[in-house]
2 protein chains.
Amino acid sequence: MALSPIQPRPCTDPDCRGQHAPDERVALAGSLCNARGAQLTKLRRQILELLWESGRPTGAYELVEALKLKTSRPVAPPTVYRTLEFLMSQSLVSKIESRNAYVPCVHPERQNDCLFFICSDCGTSVELEDPRIERLISENAAIIGYRPTRRVVEVEGVCRSCRAAGAAGK
Amino acid sequence: MALSPIQPRPCTDPDCRGQHAPDERVALAGSLCNARGAQLTKLRRQILELLWESGRPTGAYELVEALKLKTSRPVAPPTVYRTLEFLMSQSLVSKIESRNAYVPCVHPERQNDCLFFICSDCGTSVELEDPRIERLISENAAIIGYRPTRRVVEVEGVCRSCRAAGAAGK
DNA sequence: TGCGCAACGTTATAATGTTGCGTTCGTTGA
DNA sequence: TCAACGAACGCAACATTATAACGTTGCGCA
């Protein structure tokens with residue numbers, strides 16, 4: 001059964017994080033895959049959904065655990081890693097290298113490398129784009145003769161609410 | 001025996017990579033540690049030296065192997081990891097998160113997070129600084145209310161000589 | 001002499017990621 | 001109809017990266 005052909009709806013609001021339900025995210029992913037001639041199978045859909053539901057960068061083995069509750073049979077690590085690889089190849093998921101964890105992409109229709117902020121306190125992450133940073137990276141790359149293929153920009157810090165909570169706790 | 005008090009000599013030439021021998025690098029590290037009240041012990045010195053000699057991001061277990069040849073007794077992983085942690089705390093070494101590997105810092109006297117370019121072909125890395133990128137990251141962080149504590153910027157790509165070699169090989 | 005501390009040693013194990021091969025299942029084409 | 005094929009997944013074993021927990025050494029110092 002084919003997905004209903006949902007048009008990609010890029011969210012131009014820079015503050016759109018968390019404003020769409022997981023189902024909606026997964027549905028968009030499905031139509032994107034369709035358009036690209038790739039298939040978002042049940043397992044892939046489930047894992048993407050788990051990532052959206054999690055709300056923070058999630059490790060591969062955490063997904064293995066979570067799938068035990070969601071599926072009839074347990075799913076082994078290689079399957080999860082293969083699935084993550086697929087989802088990353090479709091820009092539906094990014095890996096947070098500094099955490100060995102995976103997050104769903106807010107704007108999978110734009111196949112860009114993004115900028116991630118990760119709170120060292122609560123573990124949540126925020127995805128941003130900044131073309132100016134991308135441009136500067138490209139400039140620097142050109143100066144030293146590199147042709148970039150992938151950009152990893154991850155900023156660890158403390159988010160607003162955790163700072164507030166920390167200050168209140170004192 | 002104390003090290004001779006070598007003054008940190010920041011290399012203002014942006015192209016200074018690879019222009020100082022490992023001994024010179026290690027000597028500078030020693031005087032920096034002295035100045036900071038930290039001690040660059042024999043083991044720490046050896047590991048830093050190995051990293052400078054390696055010429056590319058090097059894994060912790062590679063260091064374990066390399067130390068087998070350099071030292072009388074083999075050194076176990078926890079020791080290497082502790083040493084790397086110390087070296088990172090002194091800004092003498094950075095971790096390349098996207099590779100799980102470690103590189104010595106070109107300018108340990110400037111305790112900045114840098115920008116790394118890693119060649120996916122030959123595995124070498126180049127360290128750069130760009131205050132403009134740092135500023136943009138801070139700006140973005142401020143917008144979403146983050147207080148950054150660490151910046152990871154790693155760019156994977158193909159370096160000039162590998163591109164030349166690749167083109168010549170065809 | 002004995003205390004305290006930093007560095008290092010040692011054993012075991014946790015956490016993360018991969019290889020290789022087999023099975024299932026749907027499609028395709030003679 | 002059915003062999004051939006390929007994509008997706010199952011699975012056992014293994015490789016790699018990292019840490020926990022605890023013991024030992026050596027040095028400065030009261």
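## Where chain A meets chain B

In this predicted model, Val153(A) has Val153(B), a residue of E5(B), as its bridge partner.

**Exercise 1.** Find out in which sense E5(A) and strand E5 of chain B pair, and over how many bridges.

*Solution.* Start with the residue range: strand E5 of chain B covers residues 147–158. Next, look at the direction: E5(A) and this strand run in the antiparallel sense. Finally, count the bridges, and you reach 11.

**Exercise 2.** Work out how much area chain A and chain B bury between them, and which residues of chain A lose the most.

*Solution.* The size of an interface is often expressed as the accessible area lost when the parts come together. Here the two chains bury about 3,300 Å², with 58% of it on carbon and sulfur atoms. Now turn to chain A: Phe117(A), Ile144(A) and Tyr146(A) lose the most area to chain B, together 19% of what that side buries.

**Exercise 3.** Look for polar links across the interface, then describe the side of chain A that touches chain B.

*Solution.* First, the salt bridges: the rule finds 2 of them. One joins the side chains of Glu139(A) and Arg132(B), at 3.5 Å from N to O. Second, the polar contacts: 17 residue pairs qualify. Third, the elements: those of chain A that each supply at least two residues include strand E3 (115–119) and helix H5 (131–143). E5(A) gives the most, with 12 residues. Last, sort this side by class: 20 residues are nonpolar, 7 polar and 12 charged.

Note on methods
Residues are numbered from 1 along each chain as its sequence is written. Chains are lettered from A and ligands numbered from 1 in the order in which they are written. This is a predicted model: local features need pLDDT of at least 70, side-chain atom pairs count only at pLDDT 80 or more; totals for chains, interfaces and linings use all residues. Side-chain values use heavy atoms; hydrogens and water are left out. Buried area is the accessible area (1.4 Å probe) that two parts lose on being put together, summed over both. A salt bridge is a side-chain nitrogen of Lys or Arg within 4 Å of a carboxyl oxygen of Asp or Glu. A polar contact is a pair of N or O atoms within 3.5 Å; within protein, one must be able to donate a hydrogen and the other to accept it, and residues adjacent in sequence count only if both atoms are side-chain atoms. Helices (H or I, at least four residues) and strands (E, at least two) are DSSP runs, numbered from the N terminus. Ala, Val, Leu, Ile, Met, Phe, Trp, Tyr, Cys and Pro count as nonpolar, Asp, Glu, Lys and Arg as charged, and the others, Gly among them, as polar. Two strands pair if DSSP finds at least two bridges between them.
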